[in-house]
Amino acid sequence: MPEWTLPSSPTDLRVLVSGYQSWSEAELRPLLDRQSVPLMPWRWQQGHDPAFLPSGEAGVWRSHTLLALIRPDGGGWVGCALDAASTFTHWEARADGNGVRVTCTLEGPPVEVAWEETPDVIGAVERLSADLGRRMNARTPAPLRVWCSWYSYYRNVTLDAVLDNARLARELDLPFDVFQLDDGFQADLGDWLEPRLSFGGHVQDLPARLAELGFTPGLWLAPFLAAPTSRLFRDHPDWMLRGEDGSPLPVGHNWGGPYFTLDTTRPEVLDWLRDLARTVRGWGFPYLKLDFLYGAALPGVRHDPSVGRAQAYRNGLTALREGAGEDAFLLGCGAPLAASIGLVDAMRTGPDVAPLWDDESRRLWLGDASGPSTRNAVHTSLARWYQHAWYQPDPDVMIARRELSLLGHTERHTLLGLLDTVGGLRASSDPIELLDGPGLELLRASLRLSTPERPRTLTQSFGGTVTHFTRGTF
Ligand code: 9PG
């Protein structure tokens with residue numbers, strides 16, 4: 001375990017942490033602040049790494065893959081893993097009297113780790129993260145403009161609703177590349193090939209009709225998960241990740257109950273994942289949003305205990321890539337960030353946007369900023385600006401509508417500006433018929449692609465985020 005003691009006074013330093021998976025909080029904060037840890041233990045698996053949680057002590061910050069400490073003059077220290085394929089790199093910075101102690105712990109086979117003192121922290125973060133991206137053969141295809149059904153229809157989505165929106169988008173000549181159906185079409189979590197009655201059709205009928213309208217068909221899957229009520233779970237309870245007591249381990253609570261995750265050290269599970277991706281690709285979906293991927297990387301008892309959890313995760317994702325094909329566009333979500341490099345084309349780099357600005361009670365009182373809110377989404381995506389060297393960032397959707405939303409005019413325009421700064425994918429979920437003239441104009445503006453910007457002034461703050469971005473000289 002490498003360890004460094006820095007001579008700098010902790011009061012002068014800020015710390016940049018990256019967070020573990022898409023929904024975990026990433027931020028730049030004074031080192032003497034306290035990194036929040038969710039009060040509710042049942043949230044730990046869903047937005048954090050339960051094996052490396054924030055400590056909750058003032059002056060102690062934990063980060064995966066990358067950690068930086070920044071002096072007021074912009075210089076400081078940066079640590080970054082240079083390989084993340086089968087090893088998780090855990091960083092901790094701890095204010096210690098008049099100095100700071102930094103430790104780096106590896107979970108998995110030994111990998112090279114960079115640790116530098118530099119006059120330009122931001123530049124070094126970008127250089128080292130690009131280095132990591134190169135070493136892991138990052139995929140950074142052109143960004144896409146996506147309509148996604150989730151943020152207005154949620155699980156009540158129907159085949160007709162998606163097609164109505166696609167037809168209207170074509171009529172209005174809205175510049176979407178992809179129409180992506182989200183959660184709500186499947187009979188149960190894990191039973192992806194069987195339709196849910198309320199969806200009003202079979203997902204298989206969608207691609208040809210979307211393609212006729214000139215859109216690339218996209219589909220959401222949570223391929224590693226299984227509900228206890230699903231056929232997948234009933235037929236293969238032995239395929240699930242287990243707890244110490246030998247029974248399937250619940251790995252989160254959503255869809256009205258607990259759910260389980262596949263053990264990707266089992267060859268038959270990898271075959272099943274490959275077949276699933278091949279089947280939906282065969283139906284005509286070359287764009288897949290692969291969600292809740294963190295499941296395969298959770299601590300637990302695996303069939304093959306010699307495979308570490310980063311490697312187990314990567315094996316599961318590799319099987320999906322093999323099934324979907326090299327030319328499929330894979331968007332990771334709820335996914336360990338660096339461990340996905342080279343396998344996904346794009347990655348959600350923050351929690352969900354929601355049609356409200358801030359969920360203060362959950363964020364402040366429950367210490368959990370991984371929940372859906374516009375503030376949480378942009379706060380975290382902005383603090384991960386350097387990750388565009390790993391994949392196309394997906395900062396999540398614009399919300400341009402005024403109905404079915406609590407966002408005000410200024411908040412909608414602020415969201416637009418922040419998405420523009422983050423760059424990467426552009427997405428919308430608005431029912432197009434709800435948009436009036438100004439709404440359509442805002443939507444069109446949000447579909448204009450931009451390149452990521454770097455933070456230039458680290459001393460200014462945005463709504464509690466101590467990261468400031470400006471457009472221009474990148
Ligand atoms: C579909 C949604 C959308 C969305 C994803 C993801 O912790 N949770 O319980 C939790 C639930 C849903 C969620 C994230 C976290 O949203 O980010 O875009 O696809 O699933 O169910």
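## Close-up views of a predicted model

View 1. Threonine 5 sits opposite arginine 101, which belongs to β8. Keep in mind that everything here comes from a predicted model. Strand β1 and strand β8 (residues 99-107) are paired in the antiparallel sense, with four bridges between them.

**View 2. An open sheet of four strands.** Zoom out from that pair and you get an open sheet with the strand order β1-β8-β7-β4, paired in antiparallel fashion. Which strands stand at the edges? They are β1 (3-6) and β4 (60-64). Each of them has a single partner strand, so one side of each has no neighbour in the sheet. If you ignore direction, neighbouring strands in this sheet are turned by 15° against each other on average.

**View 3. Where domain 1 touches domain 2.** The protein splits into domain 1, covering 3-135, and domain 2, covering 145-469. Their C-alpha centres are 25 Å apart. Domain 1 brings 44 residues to the contact, and domain 2 brings 42 residues. On the domain 1 side, at least two residues each come from β2 (14-17), β3 (27-30), α1 (44-47) and α2 (121-135). Which element gives the most to this side? That's α2, with seven residues. Sorted by class, the side of domain 1 that touches domain 2 holds 21 nonpolar residues, 16 polar ones and seven charged ones.

**View 4. Strand β20, covered on both faces.** A handy rule for reading this view: in a regular strand, side chains alternate between the two faces of the sheet. Now look at β20 (residues 329-332): are its residues buried or exposed? Phe329 and Leu331 on one side are buried, and so are Leu330 and Gly332 on the other. Both faces of this strand are covered.

**View 5. From β19 over a helix to β20.** Strand β19 (residues 287-290) runs parallel to β20, and four bridges join the two. To get from β19 to β20, the chain passes through helix α8 (residues 309-324), making a right-handed β-α-β crossover.

**View 6. The link between β20 and β21.** Strand β20 also runs parallel to strand β21 (residues 346-348), with two bridges joining them. Here you can pick out leucine 331, which has alanine 346 in β21 as its bridge partner. Leu331 is one of the buried residues of β20.

Terms used: Residues are numbered from 1 along each chain as its sequence is written. This is a predicted model: local features need pLDDT of at least 70, side-chain atom pairs count only at pLDDT 80 or more; totals for chains, interfaces and linings use all residues. Domain bounds come from an automatic or database domain assignment. Two residues are in contact if their C-beta atoms, placed from the backbone, lie within 7 Å. Ala, Val, Leu, Ile, Met, Phe, Trp, Tyr, Cys and Pro count as nonpolar, Asp, Glu, Lys and Arg as charged, and the others, Gly among them, as polar. Two strands pair if DSSP finds at least two bridges between them. Axes are lines fitted to C-alpha atoms, for helices over the stretch in contact, and angles run from 0 to 180 degrees between N-to-C directions. A residue is buried if 20 or more other C-beta atoms lie within 10 Å of its own, exposed if 12 or fewer, and partly exposed in between; C-beta atoms are placed from the backbone. A crossover is right-handed if, with the strands pointing away from the viewer, the path from the first strand over the helix to the second runs clockwise.
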